[in-house]
Amino acid sequence: MNDTDRLSERARLRVEIDEAAKLIPILWPLTQFIAVNPLWDLVDLSFEDAVSEISRWLPVAGYPVGPVERGTGAVCASRDRRGLLEPPLQEVCEGLRHVQRGLNISADQVSRLNRELSNWCALYISGVMEDPEQRGLYASWREYVGQDPSMKRWLGRQGRAMLGEGPPLALDSLGDSLRALDIPTSGWEDALRFGLTALPGWSAYAKWRTRWASPDDASPKLYLADLLAIRYSVQAVLASNLGTPRASYSALQLRDVHSSSELDHRDLSEAGSNATVRSDRWSETNPGDLLRKRELRYQAELVSKLSRLPQAENAQTPIAQVVLCIDVRSEGFRRHLEEVGPFETFGFAGFFALPVRFRRWGSTEPVALCPVIVNPTAEVEERPQDDDLGRANRMIAGQQVLGSTRAAFDGTKNDVISSFLLAEAGGLFAAPMMVIRTAFPRLYGEVRRRVTGLIECPVEIPISLQESDGAMSLEERVLFAESALRSMGLTKNFAPVVILCGHGSTTENNPYASSLDRGACAGNRGGASARAAVAIFNEPSVRAELRKRSIEIPDETVFLAGEHDTALDTVKLYDERGVDPALHSTLERVRRGLEEAGRLLGQERARSFPGYQRSNHTLEARTRSLDWAQVQPEWGLARNACFIVAPRSMTKGADLHNRSFLHSYNPNDDPDGGVLEAILTGPMVVGHWINMQYYFSSVDPQVYSSGDKTLHNVVGGVGVVSGVGGDLRLGLPLQSIEDEHGLYHEPLRLLVVICAPRDRIDAVVGRNPILRRLLDGEWIFLLARDSDDGLWWNRERNGVWKTWSSGNSDGNGECNG
Amino acid sequence: MDEHWGLTQMVKVEVVVNGDDVSLISNLFSDVGATGFTAVPNVSGLGHSGFHQGRLAFNDRSGLALLTVVLAKELAGSLIAGLREHFATRSGVMMVSDTWVSRPEYFQQS
């Protein structure tokens, strides 16, 4: 093969790998867990077609089955945990089976190869397989495999040596192997699909590393091409060793794929081994129709609830305006806060429209504080004032002491020899601590907090807006402030205190902690975003410029940052030192209101927990978050079902059961639809990802849920495996979506409710293909309340609007043409 | 390579692709030996699949991006082969034209 052909083949393979990887979800590292639509790269297809396509390759049903009533109006699939081992039906995954036959590789060999490949990935990710020059998994493996004893046992000394002799580049090796296997180029893409779907977890991580991570990201370089190159190198050696006829792929392509049904594809891959395919039950009712019926029932209940609300009255002047994230967990907090005092609340994307990287004082690595679909454009950092510099440096020293101690402890614990010494030396201290931690988690949490505080001497370091490399200019800050205020509908009638409230979740011993933090901040806690935004809103020069743009923030109004802890139901306020003493009494009232709202929400949430006992409901929620043995510290965004873009007056007073993303929107302030467009193409897309993550984790847990938390082992900090090894697990743990009664999450596709004129919505949808695809493909549904006529309108997939009424007795709504 | 006015002839490839595909296309450029490229995110326009909005306030992945790469003629064929494969299933456009540069060594791997 000459150089030009080699380059052409590389280019072609690169594209074909990417095309094949459309079947694979994206798996972010655990520390920045992002809920994602596992079928996101198939949204060019309709939901129905995408499910049909994916089910050819992975044991995916795509629809909930089995009506089980739970709570009011919820119909969910029931799943016995042991039911995950239901045998798969043979008529699914015909694509996978077909390619396997074409490759002439047995199910046992595929299983063995999956095991070996998983081990190599784990060794690479955890640093055992060294890669000092950061060349990637394939290059490291090429040097490592020559010494791998298991390869000698499987392939023989000569076969093992052949593995290390492939070309240095993964793409070149892959091309050589596919040719060695006699796979015609027309079949390469299917072969790549087979290779990726055989280990969907590692492939999903590799997809993140290949497509989403920054090229200079420090995480291990495990790319899609690496995985495939290794897989097919081994397969090529296997075929060569056995002297079997190579692939009969071209012949098989002409055969009826449905005729080859004798294979037991439980052995095909670990992903396929636990299939729950329920097509026997499908025959009774079309699952798509059943799902739609459930969605319409939810819609009817929602419309009925919102239509019954009294007209908004002129409320008394609020003492504070509180802007919370659109996250469904904010809905309950907002509802209770409005009950307990004169508070006005708003919902806004939790990064407050500020796409920045944040650098904590003493840290060298900034953290991105925006959704993963937004590229951070500037950097903000903590910088102590001169008189605080000493205390700030003491804090850093304390943090270093704690960090070193933790690292030394972990190193000793993980070492083969020293772990025994640690048990001998530290057992007397550790044993009683373990008992206290287990029996009295809140006491332990308090003691640890105090000890940590003593060593760390925490001090609040302000966010600096000083212009430097990468910082925002004054013009950018003004632009941000104006656009954020207009987007959240807060341009006049400012209260004395305005709180921007991010959120985070405090949990113990939880590899999935970041899944409970904020998706809008790339899986990080949200306090820093709020602090950065507040620093800009309080800046006199920014306010002066805003005045020129008709946004008059009174001098006596102060913006404060807060962070809502969704596990503890508390709100921590930041940077209060500079608040005018005249506002102290107001601030005290605000604090009491926030505390009371949190208490009420805690009581409400406690009732939804498994094992809820009426006697201790006040402390139930808080205790859970501090209990290291607790696998269900909070429900996260379970039961999410709708995304409402409307002024608060449309939803105020309604108990939406923490199922609604609430984005403030005033249609009167947005005549050209610019704000609506920003909401629908940004936060709504993130909401759709979250919705689909919960949906597929619920309906197809064997593929899209990471399974039982109690079996998880963390691998290299990037993901979890169930038990001792195997493929990385995808999606949410079972404990995030179900309890002892079955599914807690109700799998429904996202209902987007917009209060705006229909022609404005049409214009926004018309100029954004992503919205057209999501709506016309029935990935989401759109219900509008026309701000002109007050009627409810459903948008059909062809773009036609039909009025919606929710009046009939069984709660089902209906469309009128 | 042809010489004109002291300049060196090379091939310019311009593509408009989905924001989601920028990393794929830039990897493709590297695979065939391009030494750099220019990317313009959030471009707008009208095409086969309707109008595409330009900059979206809170989404940098769903818009369109324009990528321009200049490379030697002997490498262009390989890149075009890969791009044709790409556009067989995805939306976007590719424009290929002759171009002349003053410092050809900047566009070739040493």
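Chain A and chain B of this predicted model bury about 2900 Å² between them, with 52% of that on carbon and sulfur atoms; buried area here is the accessible area (1.4 Å probe) that two parts lose on being put together, summed over both. A:Arg14, A:Val15 and A:Arg211 supply 20% of what chain A buries against chain B, more than any other three residues. In terms of contacts (heavy atoms within 4.5 Å), 36 residues of chain A meet 28 residues of chain B.

A:Glu19 and B:Arg90 form a salt bridge through their side chains, at 3.1 Å from N to O. As for which parts of chain A do the touching, α1, α9 (200-212), α25 (674-681), α26 and α29 (769-776) each give two or more residues to the side facing chain B. Helix α1 of chain A gives the most, with 11 residues. Helices (H or I, at least four residues) and strands (E, at least two) are DSSP runs, numbered from the N terminus.

Then there are the aromatics. Ring centres of Phe, Tyr and Trp (its six-membered ring) within 6.5 Å make a pair, called stacked with planes under 30 degrees apart, edge-to-face over 60 and tilted for the rest; the count over all chains comes to 22. A:Trp28 and A:Trp689 make a tilted pair, 6.3 Å centre to centre with 50° between the planes. A:Trp28 sits in the loop between α1 (3-20) and α2 (47-54) and A:Trp689 in helix α26 (683-699), so this pair ties together parts of chain A that are 661 residues apart in sequence. A:Trp28 is buried at 3% relative accessibility, and A:Trp689 is buried at 3% too (buried is under 20% relative accessible area, exposed over 50%, partly exposed in between; 1.4 Å probe, protein chains only).

A:Phe33 and A:Tyr512 pair edge-to-face, with centres 5.6 Å apart and planes at 65°. A:Phe33 comes from the loop between α1 and α2, and A:Tyr512 from the loop between β9 (497-504) and α20 (513-516), so the pair links parts 479 residues apart in sequence.

A:Phe47, A:Tyr63, A:Tyr695, A:Phe696, A:Tyr704 and A:Trp779 form one aromatic cluster. A:Arg749 lies over the face of A:Phe47, at 4.7 Å from the ring centre (CZ of Arg or NZ of Lys within 6 Å of the centre and within 35 degrees of the ring normal).

Residues are numbered from 1 along each chain as its sequence is written, and chains are lettered from A and ligands numbered from 1 in the order in which they are written. Local features need pLDDT of at least 70 and side-chain atom pairs count only at pLDDT 80 or more, while totals for chains, interfaces and linings use all residues; side-chain values use heavy atoms, with hydrogens and water left out.

Definitions and conventions. A salt bridge is a side-chain nitrogen of Lys or Arg within 4 Å of a carboxyl oxygen of Asp or Glu.
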